[in-house]
There are 2 protein chains.
Amino acid sequence: MPSTWDRFSQRMAELRDLAGAIGILTWDQETFMPKRGVAARSEQLGTLQAIAHERLTAPELGELLEKLAANKKLSGPQHAMVRSVRFDRQRAVKIPGKLVRELAERQSHAVEAWKEAREKKAFGIFSPHLDKLLAIRREMADAYGVPKGGERYDALLDGYEEGMRVKRLAPLFERLKGWLVPLVQALADAPPPRDDFLKRRYDPDKQWLFSLEILDAMGFDLDRGRQDRSAHPFTMGVDPDDVRLTIRIFEELPLSAIFSTIHEAGHGLYEQGLPREHRRTALCAAPSMGLHESQSRLWENLVGRSMPFWESFLPQMRVHFPEALANVRLRDFYAAVNRVERSPIRVEADEVTYNLHILLRFDLELAMLREELDVTDLPGVWNERMSKDLGVKPKNDGEGVLQDIHWAWGELGYFPTYTIGNLYAASLYDAAKRSIPGLEEHIRQGRLATLLAWLREKVHTPGRLLPAEEVVRSATGKGLDDGDFKAYLEGKYGTLYGVKV
Amino acid sequence: MPSTWDRFSQRMAELRDLAGAIGILTWDQETFMPKRGVAARSEQLGTLQAIAHERLTAPELGELLEKLAANKKLSGPQHAMVRSVRFDRQRAVKIPGKLVRELAERQSHAVEAWKEAREKKAFGIFSPHLDKLLAIRREMADAYGVPKGGERYDALLDGYEEGMRVKRLAPLFERLKGWLVPLVQALADAPPPRDDFLKRRYDPDKQWLFSLEILDAMGFDLDRGRQDRSAHPFTMGVDPDDVRLTIRIFEELPLSAIFSTIHEAGHGLYEQGLPREHRRTALCAAPSMGLHESQSRLWENLVGRSMPFWESFLPQMRVHFPEALANVRLRDFYAAVNRVERSPIRVEADEVTYNLHILLRFDLELAMLREELDVTDLPGVWNERMSKDLGVKPKNDGEGVLQDIHWAWGELGYFPTYTIGNLYAASLYDAAKRSIPGLEEHIRQGRLATLLAWLREKVHTPGRLLPAEEVVRSATGKGLDDGDFKAYLEGKYGTLYGVKV
């Protein structure tokens, strides 16, 4: 007769295996699946998600968890496993299997509709799907139950950023917006750096090769992962030994491939660095999406848009694109990759304007969940708000409300984790610089391994042993705040643009 | 309250979804999975297979099946669904979940060991894995139970070729061997046709493009499937709308890619032609592996190695390889693709020697299951028998006992279905020629659609509505026999080699 712990372990492993299978099927849908395979894929994903839900909510697992929660002899990691699975289970038991299945099937169809709508720049193709997804998500939020003193949105937020609340985010985001809008104003009004050389032709095959060199330098292990192309870049961590990134390549936008590579590799390094001794347990995972995003943004912006990074990588890039980069000086290149612009596209946005894209999405999805905003009014409100905050109006829905896949995936409450990630990233990088003597000199020499080692120890290895904010606090000495981010942006861009901020 | 039929339907659909997910994970393991992802993949497949087994053997499904089996009001297709699921379930209930899980995990590891062993040409790396797989398969055969008057092997054979028995196959195979060995002797002793032009350099990228043109001409729909590369070609039918083929390409062996394409596309067309109105039911599947193989072999050999086919495709091939094919006459090319040779490799074997490779495997796995042959003696016995039947000795285990992936997958009892497929293919093509006026003229013009339409109607559309032999009988007027195959080979090769047979 296996012990209570072994029985729990076995169930936890099974849940991880199901999540891994779902991960591969989802990744395949975005990369290699034949066009007409979508119906079967929706059904397969629906079935696997229903089974995972059924396993997680099984009364037997509940009994095992209650028994183990009362067991004083568990080790720290064992206790964290029980706590994590219990948190996930308590949420899951509140949602009927039928609703889980409905959501999964709707998601797959919505993703296909979104793709078509985006291509045709026609929100109308996607809007009935979004409407249905919203209805399901509202129903789910109500089933989770509104946390005390909170609101419906919090119930969804908990699924991405455990313990975070609108009540805490809204004032932080207001403060952020308070200094970001004038900063963007000041920078966007200054004479822009030249970036004509970034609009030349960069052979896609060579972009691909350069992206693989970046992956290699960052320490992403291609024996334990891969990189492919998809419409929207993403990372799928199936296991520390099977981590899949996707990027997109545009012939005349070379930065897109470069920064999607660095961004996704930041996620990928986190996934490859999760605690392997806790494979097939709840600890081999990130404690929050915001912490996950901190890893992608740290690499993308704090490292990938820094002068030391390009001192090392521009010469390497020139090898692939000698003509396009002829006569381009390092400082011009550095200025160009940090060009602040009023762009309508989030994933192409610079790090100064980026969070304004998020604050907009946060407010809109909050309004939709509160039933203060109708889906059909979404494109209008979106465009209006873009004008107001960013001073730019999307030319069509494709570069407006349809640009992101998240809502098609039914993800509501996810967007704020991007800004949380940016704030954590600034604090973590600040702490890394203080902890690693000569860090920027290492980067200048292309030696990115010292930074990775620090992140492995401080952020990756804990996995889900601690809550996200505790991981950050133990690495940096402080919790979620916009102070380091403000100091970073003002320092960097004040100098770069010669603007007093 | 859903009806008995609806509850059964739902369970059947779930089983198909699980099979589809397992299919994608298996395909991914052979195509795109990162090298070190194998441990996680074994676990995921183990879990999904255990869940599928648990669902299939659930007592509730048993009760539903018994109720429905007694229901006189079911339609023909409904009755066949109940019969098929009941057959599968009755087999599955006999195997404990633990054994299913053990097999699945062993398979994944064995496949990796086989890959390494094959690369290093060292059977010793693979043999302990094979030994364990054999022990599991023996245990499973005993659990299934030996059919009355039969033997252990029959219990496994039933899983691939329902109702087939050693008692029936062994004499048929002996008869086949009786006329094949002298035929091979006569042909291999005759002056061989020139094939120097098939040993020139054929650019792999152009081979890939030509293979896609062949797929297109055959009517394989790339919106409902894809083609990739893997170490060993295979077809994975996940759904009629998601069918995946793999081929392999060798720079100086152009026929390998061509015939693996035609062969796998034969399987793929069958999968795409399964009854779509019965998607997510037990009928949307082949009734036997032998019938499946008849489709690949019909296209590969009866069509793909025929003069009319190359009258159409050689000019197209010349467009890709003008230099390699300069001065190569059609009749020389036709003779070269039908060159009979004593080769140690099954998948590169011509259609005359091919079945001798199968008969050897059949006899060896029969001996291993009967515990008359020890795994460690396998390479020796293999090589000896190759010399005797085919007059050739493998240079190493890589081109000997390690050449096929099947045993690494734990598939024992599968090989004879290849020969069954060859025999069915000859009978089906003979019937097609009689039924379609001017069929060879259509092929000569590159119009392969009339043949596909006939196969769709006679073979693909029934799915698992009827047993394999009934499908063949209703299309050809006869059951499994070597008569048509003998007439075909003797006619074709007698003329080609100018040999009296």
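This note reviews strands, contacts, the chain interface and salt bridges in a predicted model.

1. Basis of the values. The model is predicted, so local features need pLDDT of at least 70 and side-chain atom pairs count only at pLDDT 80 or more, while totals for chains, interfaces and linings use all residues. Residues are numbered from 1 along each chain as its sequence is written, chains are lettered from A and ligands numbered from 1 in the order in which they are written, and side-chain values use heavy atoms, with hydrogens and water left out.

2. The sheet of chain A. Three strands of chain A form an open sheet with mixed pairing, in the order β1-β3-β2. Because β1 (225–229) and β2 (235–239) of chain A stand at the edges with a single partner strand each, one side of each has no neighbour in the sheet. The twist from one strand to the next averages 15°. Strands here are DSSP runs of E of at least two residues, and helices are runs of H or I of at least four, numbered from the N terminus; two strands pair if DSSP finds at least two bridges between them.

3. Pairing and packing in chain A. β2(A) and β3 (residues 242–247) of chain A run antiparallel and are joined by four bridges; A:Asp239 has A:Asp242 in β3(A) as its bridge partner. Helix α9 (residues 204–218) of chain A lies across β1 and β3 of chain A, at about 150° to β1(A). Such angles run from 0 to 180 degrees between N-to-C directions, with axes fitted to C-alpha atoms, for helices over the stretch in contact. Contact means heavy atoms within 4.5 Å.

4. Strand β1 of chain B. Four of the five residues of β1 (residues 225–229) of chain B are buried. Buried means under 20% relative accessible area, exposed over 50%, and partly exposed in between (1.4 Å probe, protein chains only). β1(B) runs parallel to β3 (residues 242–247) of chain B, with five bridges between the two, and B:Asp228 stands opposite B:Thr246 in β3(B).

5. B:Gln29. This residue belongs to helix α1 of chain B and is buried, at 7% relative accessibility. The side chains of B:Gln29 and B:Glu112 are joined by a polar contact of 3.4 Å. A polar contact is a pair of N or O atoms within 3.5 Å; within protein, one must be able to donate a hydrogen and the other to accept it, and residues adjacent in sequence count only if both atoms are side-chain atoms.

6. The interface. Contacts link 41 residues of chain B with 41 residues of chain A. The buried area is about 3,300 Å², with carbon and sulfur atoms giving 52%; buried area is the accessible area (1.4 Å probe) that two parts lose on being put together, summed over both. B:Phe32, B:Pro34 and B:Arg36 supply 18% of the area that chain B buries against chain A, more than any other three residues. The rule finds twelve salt bridges across this interface, each a side-chain nitrogen of Lys or Arg within 4 Å of a carboxyl oxygen of Asp or Glu. One joins B:Asp242 and A:Arg41 (3.5 Å, N to O).

7. Salt bridges within chains. A:Arg464 forms a salt bridge with A:Asp88, with closest N and O atoms 3.0 Å apart, and the two residues are 376 residues apart in the chain. A:Arg464 is buried at 11% relative accessibility, whereas A:Asp88 is partly exposed at 26%. In chain B, B:Glu300 and B:Arg305 meet in a salt bridge (3.1 Å, N to O); B:Glu300 is buried at 5% and B:Arg305 is buried at 7%.
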